[in-house]
Amino acid sequence: MLFGKSKGLIGLDVGSSSIKLVELKPHKGDSKWKLVNIGLVSLSPEVIVDGSIMDATMVVDAIAQLFGENKVKGGDVAISVSGHSVIIKKITMAYMAEEELAESIRWEAESYIPFDIDDVNLDYQVLDEADRGDGNMDVLLVAAKKEKVSEYVSVVQQAGKTPVVVDVDSFALQNSLTANYELSDLQVTALINIGASVMNINIMQGNNPIFWRDISFGGNIYTDAIQKDLGVDFDTAEQLKRGESVEGFDFERVIPIIKSVTVDLGVEVQKTFDFFKATTSAEKINRIMMTGGSSKILNLDEFLSERFEAPVEMLNPFQNITYSEKQFNPELIHEIKASAAIAVGLAMRRANDK
Ligand SMILES: Nc1ncnc2c1ncn2[C@@H]1O[C@H](COP(=O)(O)OP(=O)(O)OP(=O)(O)O)[C@@H](O)[C@H]1O
Ligand SMILES: [Mg+2]
């Protein structure tokens with residue numbers, strides 16, 4: 001967790017195409033969870049562009065609407081940020097006691113962070129508590145631009161809610177994965193979240209995250225390409241992309257457009273995997289887990305599986321979450337499953353305090 005402590009938080013994922021809300025409580029008697037609240041409200045594409053909030057009022061209203069419609073009582077919220085304003089790095093430094101580390105971390109961090117250190121919120125965690133004998137220790141360093149954090153904090157506050165925790169998308173995603181799946185220490189899993197404007201790639205060795213990258217590539221690129229090639233507006237292109245029928249357009253015309261963007265997406269993933277292999281000792285990615293609304297792009301799973309010679313599975317963030325079918329429509333849950341992983345990971349923050 002980046003900045004703050006938590007108990008009983010509502011996970012709020014402010015994405016560029018929609019805002020997702022998830023509230024959970026621990027399930028009695030086991031390590032599972034129970035769904036208390038879930039909701040999603042769409043945003044038009046000009047409201048948040050490439051992670052920047054262009055129309056704060058619309059976002060504030062959407063958050064208020066989400067709480068109102070779903071009758072959410074609590075107001076303590078966990079949110080997250082991602083993209084170019086966030087840097088996550090595992091660094092190796094000379095072993096030192098905690099107090100000394102607290103004093104020197106800013107200075108240490110300066111050489112790893114491409115921003116002015118005064119412009120970022122910094123957090124860190126020692127990864128190997130025990131002295132490992134070589135006089136060094138690994139530290140996980142997280143820096144998020146203050147400007148970006150306050151942009152997101154501010155809309156939540158204006159909606160009358162209290163942002164208690166500001167996390168990063170990658171950690172919330174990992175949380176969602178490890179809470180729902182057993183990962184063998186021998187396995188390297190690439191968790192790929194593809195939203196509307198950002199793709200987060202997290203690589204894990206068993207339960208341990210070892211590599212992070214956010215890439216500006218998402219579902220909007222598909223929509224743009226369809227808009228341009230077929231001369232249609234955003235909404236029509238979105239429908240066509242999802243395979244919904246639109247009068248006058250045959251899905252056959254959309255397939256090659258989708259395919260060519262998927263090839264570009266493959267190149268971006270390849271670059272990241274190559275960089276990962278060059279900078280870590282891991283040799284192979286054993287499996288790919290996909291999430292995010294754009295993981296539903298036609299044949300994307302098959303394409304990635306063939307290209308990277310690894311099985312591809314869709315992450316189910318509700319695998320270990322039970323819910324009342326009277327209260328929540330299973331079809332609705334199924335529909336928003338792909339978009340809910342970050343909000344689920346954020347909602348679990350209560351029990352995972354550091
Ligand atoms: N069935 C579908 N087929 C293809 N794409 C889909 C489908 N359903 C949703 N999408 C796409 O998924 C994207 C939204 O996913 P998600 O909710 O994960 O993104 P977001 O969190 O709003 O965006 P970001 O995290 O990039 O800011 C949109 O681009 C949308 O068009
Ligand atoms: Mg998202």
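The residues of the shell around ligand 1 divide into three nonpolar, 13 polar and four charged. The model we are looking at is predicted.

Me: Hello! Which residues come nearest to ligand 1?
Reply: Good place to begin! There are 20 residues around ligand 1. Helix 5 (219–230) and helix 6 (234–241) each supply at least two residues of this shell. Those that come nearest are Gly-15, Ser-16, Gly-195, Gly-219 and Gly-293.

Me: From which domains does the shell around ligand 1 draw at least three residues each?
Reply: Let's look at the domain assignment of the protein chain, which gives domain 1 as 1–85 + 145–181 + 316–354 and domain 2 as 183–314. The shell draws at least three residues from each of them. The names you want are therefore domain 1 and domain 2.

Me: How far apart do the C-alpha centres of domain 1 and domain 2 lie?
Reply: The two domains touch, and the contact takes 19 residues from domain 1 and 23 residues from domain 2. Their C-alpha centres are separated by 22 Å.

Me: Which helix gives the largest share of the side of domain 1 that touches domain 2?
Reply: The residues on that side divide into six nonpolar, eleven polar and two charged. The largest share is six residues, and these come from helix 4 (residues 169–180).

Me: Now the open sheet of three strands: what is the order of its strands?
Reply: Happy to walk through this one! Strand 7 (86–94) and strand 8 (120–126) stand at the edges, each with a single partner strand, so one side of each has no neighbour in the sheet. The twist averages 25° from one strand to the next. With antiparallel pairing, the order is 7-9-8.

Me: What angle does the direction of helix 2 make with that of strand 8?
Reply: Helix 2 (residues 98–109) packs on the sheet, where helix 2 touches strand 7, strand 8 and strand 9. Compared by direction, helix 2 and strand 8 make an angle of about 120°.

Me: And at what angle does helix 3 run to strand 9?
Reply: Nice follow-up! Helix 3 covers residues 146–158 and lies across strand 8 and strand 9. Relative to strand 9, helix 3 runs at about 60°.

Methods
Residues numbered from 1 in each chain as written. Chains lettered and ligands numbered in written order. Predicted model: local features only at pLDDT ≥ 70, side-chain atom pairs only at ≥ 80, totals over all residues. Pairing = 2+ DSSP bridges. Helix = DSSP H or I, 4+ residues; strand = E, 2+ residues; numbered from the N terminus. Axes fitted to C-alpha atoms, helices over the stretch in contact; angles between N-to-C directions. Contact = placed C-beta atoms within 7 Å. Nonpolar A, V, L, I, M, F, W, Y, C, P; charged D, E, K, R; others polar. Near = placed C-beta within 6 Å.
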